[in-house]
Amino acid sequence: MTMNVALNSTSQWQQEDRDHHLHPFTDTAELNQKGVRIITRGQGVYLWDSEGNKLIDGMAGLWCVNLGYGRKELADVAARQMNELAFYNTFFQTTNIPATSLATLLSEVTPDGFNRVFYGNSGSESNDTVVRLIWRYWDVREKPGKKTIISRNNAYHGSTLAGASLGGMGYMHEQGPLPLPGFEHIEEPNWYVNGGDLSPDEFGLKAARWLEEKILELGADSVAAFFGEPIQGAGGVIVPPDTYWPEIQRICRKYDILLVSDEVICGFGRTGNWFGCQTFGFEPDLMTMAKGMSSGYIPISGVMIHDRVADVLEGSGEFNHGYTYCGHPVATAVAHANISILRDEAIIERVKTDTGPYFQEILRSFEDHPLVGQVRGRGLMAAIQLVKDKANRQAFDDVGKAGAMCRNHCSDNGIIMRATGDAMLLSPPLVITRPEIDELLGSARKSLDATARDLGMM
Ligand code: PXG
C-alpha cells in the first residue's frame with residue numbers, strides 16, 4: 001500500500017474511496033458515480049464536511065452519539081488508558097480495572113435484577129451472544145427442545161448471521177439463505193398501517209396475541225425466547241401501543257419463554273428513560289446494548305443478564321463463547337466515562353422532562369402538513385410518515401421516492417434526517433438544546449414544504 005501524502009481535496013478523497021472502500025448497505029456503482037460525502041469534524045450536535053458545509057446531525061451519527069460530538073473527557077480517558085494498558089484479555093482468569101468498573105456502573109444504571117454483563121464490540125455481536133446464552137440456558141434447565149426464537153417482521157437486530165435471522169428485513173433474507181432454521185417472525189405492532197378501525201390500545205393487545213398464536217402453532221416446548229426492540233428504530237420508529245409490551249410479557253411468562261429487549265437504539269436515554277423497557281413498563285430477562293453505551297466514541301456492546309437467568313447459568317460449567325475484545329480496557333474506560341457524564345449531568349432526565357416533550361410537541365404540529373400522515377415517537381426519537389393521501393392513510397405507489405427527495409432537501413437545508421421508505425427519521429444527540437431543536441425542526445419543516453412542492457401537493 002502506498003499513502004498519497006499529497007491528498008488534500010474532496011475529489012481526491014472521493015477517488016480513493018471509490019477505488020478501495022466498500023461501504024455497508026450501499027449500491028457501490030451508484031455511490032461511485034455520485035461521489036461520497038466526507039465528514040471531517042463534529043462538535044455538539046453539529047458536523048462539518050470536507051467542503052466546509054455545516055450540518056445539524058438529526059440522527060446522532062447512526063442513533064448513537066448520545067453525548068454529542070467533541071467531548072474532550074472521553075478522548076482524554078482513551079489516551080490515558082492506552083498509555084496505561086492498551087489491551088489485555090478477559091479469558092484466562094484475568095480482568096482489567098475499566099472492565100470491572102463499567103460492569104459495576106452498568107448494574108447501577110440498569111433496572112433491578114440486572115447485575116451481570118457479557119461484553120462485545122457491536123450490537124450484532126451481542127445479539128449473537130444472546131442467542132448462544134438462551135440456547136445454553138434451556139439446556140441447563142433440561143429443556144433442550146426449547147430452541148426457536150420468535151421476533152418480528154421489519155425488526156432490525158444486526159447484520160451477522162444471527163442478527164440478520166432475528167431481524168425481519170426481507171431484503172436481507174433474500175440475500176441468504178436466511179433466516180437460519182429456528183428463527184420465526186410475527187407481524188410488527190404497526191397501528192398506522194395495520195390498525196384499521198381499532199383504537200391503538202385494542203390493536204396493541206391484538207398484535208401481542210399474534211405472539212401467543214405463534215407459540216401455540218410451534219408448541220411452547222420448542223420456543224426459547226421472544227426478541228424485540230421497545231421501539232423499532234431502523235424499521236421506521238414503529239412505536240407500539242401502550243398495551244403491547246405488558247401483554248407480550250404476560251404471554252412470555254405464561255408459556256415460560258425468555259423475553260429479550262434489544263436496547264441497542266432505545267438504551268441510554270433515547271426514549272427519556274435509561275432503557276426503553278422502562279418507558280413501556282416491561283421487565284425483560286436479557287437486554288442487548290451498544291451505540292449509546294459509548295455514544296459511538298468507540299465500539300463496545302454488552303448483554304445484561306437478569307439474575308433469574310444468570311443464576312441458572314452460573315454453576316453450569318464453562319460457557320464456550322467469547323470475543324478477543326470482550327471487556328477491552330480502552331472501550332470499557334470510554335463507556336464508563338460516557339455513562340458517568342449521562343448520569344452526572346442528568347442528561348436523560350432532561351430528555352424526559354424538557355427536551356423530549358418539547359421536540360415531540362413541535363413535531364406533532366407537523367401533522368397539519370399536506371404530506372404528513374402521522375408523526376410518532378418518544379423522547380428524542382421520532383418518525384414523520386410521508387403519505388400520498390392522508391385522509392385514507394394511503395402510501396405512495398413508488399415507496400421511497402418521496403423519502404429520498406425529502407432527505408436531499410434536508411441536506412440542502414443543513415440537516416441530516418434519515419429516510420426509511422417514506423418515513424423521515426430523527427434521533428438527535430441527547431444534549432440538543434431547545435434553540436437547536438428549533439433550528440433542526442425549522443429546517444425539517446422547510447424540507448417537507450420543498451418536497452410537497454416537488455410532488456405538486458402544495
Ligand atoms: N439492534 C438494533 C436495534 C440496532 O438498531 C443492531 C442491533 C446492530 O448493531 P451493530 O452495532 O452491529 O450495527 C442495530 C444497529 C439504520 C441502521 O439504517 C441501524 C443500525 C445499524 C445500521 C444502520 O437505521 N442499527
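Q: Which residue stands opposite R378 in β12?
A: M381 stands opposite R378 there. Strands are DSSP runs of E, at least two residues, and helices are runs of H or I, at least four, numbered from the N terminus.

Q: What should I know about the model?
A: This is a predicted model: local features need pLDDT of at least 70, side-chain atom pairs count only at pLDDT 80 or more, and totals for chains, interfaces and linings use all residues. Residues are numbered from 1 along each chain as its sequence is written, and side-chain values use heavy atoms, with hydrogens and water left out.

Q: How do β11 and β12 pair, parallel or antiparallel?
A: Antiparallel, over 6 bridges. Strands count as paired if DSSP finds at least two bridges between them. β12 covers residues 381-386.

Q: What joins them?
A: They form a hairpin with 2 residues between the strands. G379 in the turn has a positive phi of about 55 degrees.

Q: Is β11 mostly covered or mostly open?
A: Mostly covered. Of the 7 residues in β11 (372-378), 5 are buried. Buried means under 20% relative accessible area, with exposed over 50% and partly exposed in between (1.4 Å probe, protein chains only).

Q: Switching to domains. Where are the bounds?
A: Domain 1 is 37-70 + 346-454, and domain 2 is 73-344. The bounds come from an automatic or database domain assignment. Their centres, taken over C-alpha atoms, are 26 Å apart.

Q: How many residues does the contact take from each domain?
A: It takes 35 residues from domain 1 and 35 residues from domain 2. Contact means heavy atoms within 4.5 Å.

Q: And what area is buried between them?
A: About 2,800 Å², of which carbon and sulfur atoms give 57%. That is the accessible area (1.4 Å probe) that two parts lose on being put together, summed over both. I348, R378 and R393 supply 27% of the area that domain 1 buries against domain 2, more than any other three residues.

Q: R378 again. What does R378 form with D242?
A: A salt bridge, with the closest N and O atoms 2.9 Å apart. The rule wants a side-chain nitrogen of Lys or Arg within 4 Å of a carboxyl oxygen of Asp or Glu. The count between the two domains is 1 salt bridge.

Q: Which element gives the largest share of the side of domain 1 that touches domain 2?
A: β11, with 5 residues.
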